[in-house]
Amino acid sequence: MDTPTLARHYPAHLARCQAIATEALVAAEADHLVISAGLEHYAFLDDQTYPFRANPLFKAWLPLNRHPGCWLIHTPGERPVLLYHQPRDFWHQPPADPAGYWTEAFDIRVIRDPAEVAQHLPGPAERSVLLGEGVEALVPGAQVNPQSVLHVLHWHRAVKSRYELACMRAANERAAPAHRAAREAFLEGAPEYEIHLAYLRACGHTDDELPYHSIVAVNEHAAVLHYQHREREPAPRRTLLVDAGADVGGYASDITRTWTAGDGEFADLVGALDDLQRGLCAEVRAGVAFGDLHRKAHQRIGQLLKETGVIRLDGEAAAAAGLTRYFFPHGLGHLLGVQVHDVGGQQADPQGTPAPPPEDYPKLRLTRRLEQDTVVTIEPGIYFIDMLLEELQASELAAEVHWPVVERLRPWGGIRIEDNVRADAGGHENLTRAWLP
Ligand SMILES: [Mn+2]
């Protein structure tokens, strides 16, 4: 990670967080915003906690995502307060003293228990907004997670500061060698479990530090959109689909590559979808309605399926008839940031007016028009999913499909190619291809 770059851009990022927080307080008619870093969760009847996931509203401010029990307090016009949780706990390693480029911007106060937040409120609880999970009892009388505040914060998350963009470029840089290592392990005959370990080793993450549960899918498993297992037994090598990212400063990359062992019809289809995906990335720019790009993706995937001999209809007709949805059942992409599926994609404005997905594409997570420095994923796919193919076979569209071709391609599972792309007024920046061509 290029720390001087992050240090240089951090003050402007923090100023933007403060401006947005002030706008949110106006919406809630309150004076203080109090954001929990998150609390540990214990498993039922157990003394073991679940892996900690920081409150995204907290880690959007500063790079602390392994710090349960901390708090941020924002009061317009004042230096932000960080309540830094350092429990006196000899059973665990308490967090080290705060250090780094961000520390000088905060009034940092050490607390031993998250409940101490009540003693640090700058004003009456009734004038405070609390953001977090399971925090109601800690500040009685405060507004907790009011929608008016969440709408404002979620809306602005789509547009990234220079600091955030630096984190996201670095998160792509970190994941790229891991994708290459996964491919090498696959080509050497490793099973999914070993491929996953190769990925972790190459990016230096533990499982818990990944921004999301990696998808490591060999052969038919590539047809399971969110395949969650790791097969221990080696399989004959056909396809590897890896959907996995890395974390820098709490920001995620979200990258998918599909590799094949050897040439042939399916490898050609992978290459053609890769070209198609690059074409879609090239159309990302400020002002584009993401829903329009999603529709284009369906038409082009339809045309590719026709050229491959899978279907009889032309691209536009296949998309209009709903035929492409059987092969590409998810959205073209989503917002990306401190959460891998970042929030606010179906909002029309900071007030929270809903912008629901179109009726024919209910899975589309992002319906907004892209702005300068919005970061999205572009992830078209083509899959041979047993359940959907059964439905297709029973539908009136069955006659538009060349079933012998489907049967031939089915053992390869599916393809997804996913990059992280920034919208710009004059074009786009591909954060992923810079490191992983
Ligand atoms: Mn994605």
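Q: What makes α1 and α3 count as roughly antiparallel to each other?
A: Their axes cross at roughly 155° and come within 8 Å of each other. Axes are lines fitted to C-alpha atoms, for helices over the stretch in contact, and angles run from 0 to 180 degrees between N-to-C directions. Angles under 35 degrees count as roughly parallel, over 145 as roughly antiparallel, 65 to 115 as roughly perpendicular and the rest as oblique. With a crossing of roughly 155°, α1 and α3 are therefore roughly antiparallel. A word of caution: this is a predicted model, where local features need pLDDT of at least 70, side-chain atom pairs count only at pLDDT 80 or more, and totals for chains, interfaces and linings use all residues. Residues are numbered from 1 along each chain as its sequence is written.

Q: Which residues of α1 and α3 meet?
A: From α1 come Ile20, Glu23, Ala24, Ala27 and Ala28, and they meet Ser148, Val149, Val152, Leu153 and His156 of α3. A contact here is a pair of C-beta atoms, placed from the backbone, that lie within 7 Å. By class, the contact of α1 with α3 has seven nonpolar, two polar and one charged residues. Nonpolar covers Ala, Val, Leu, Ile, Met, Phe, Trp, Tyr, Cys and Pro, charged covers Asp, Glu, Lys and Arg, and the others, Gly among them, are polar.

Q: Which residues of helix α3 are buried, and what do they pack against?
A: In α3 (residues 147-156), the buried ones are Val149, His151, Val152, Leu153, His154 and Trp155. They pack against α1 (3-28), α2 (56-59) and β5 (128-131). These helices (H or I, at least four residues) and strands (E, at least two) are DSSP runs, numbered from the N terminus.

Q: Why is Ala198 called buried?
A: A residue is buried if 20 or more other C-beta atoms lie within 10 Å of its own, exposed if 12 or fewer, and partly exposed in between, with C-beta atoms placed from the backbone. Ala198 has 20 C-beta neighbours inside 10 Å, so it counts as buried. Ala198 sits in helix α5 (residues 192-203). Leaving aside residues up to four places away in sequence, Ala198 touches Ala181, Ala182, Ala185 and Ala190.

Q: What makes Asn145 partly exposed?
A: There are 14 other C-beta atoms within 10 Å of Asn145, so it falls in the partly exposed class. Asn145 lies in the loop between β6 and α3, and it too is a non-glycine with a positive phi, about 45°.

Q: How do you know that β5 and β6 pair?
A: Two strands pair if DSSP finds at least two bridges between them. β5 and β6 (residues 143-144) have two bridges, in the parallel sense. Val129 has Gln143 in β6 as its bridge partner. β5 is also joined to β1 (residues 32-36) by four bridges, again running parallel, and His32 stands opposite Ser128 there. As for side chains, Ser128 and Leu130 point one way from β5, Val129 and Leu131 the other way, and all are buried.

Q: What makes β7 and β11 edge strands?
A: The open sheet has the order β7-β8-β11, with antiparallel pairing. β7 (215-218) and β11 (255-260) each pair on one side only. Between β7 and β8 (residues 239-244) there are four bridges, and Val218 stands opposite Leu240 in β8. Helix α4 (residues 162-187) packs on this sheet, touching β8 and β11, and its direction makes about 155° with that of β8.

Q: Why do β12 and β16 stand at the edges?
A: Their open sheet of three strands runs β12-β15-β16 and is antiparallel. β12 (375-378) and β16 (427-430) each have a single partner strand, so one side of each is left without a neighbour in the sheet. Neighbouring strands of this sheet are turned by 40° against each other on average, direction ignored. Four bridges join β12 to β15 (residues 419-424), with Ile378 opposite Asp419.

Definitions and conventions. Contact = placed C-beta atoms within 7 Å.
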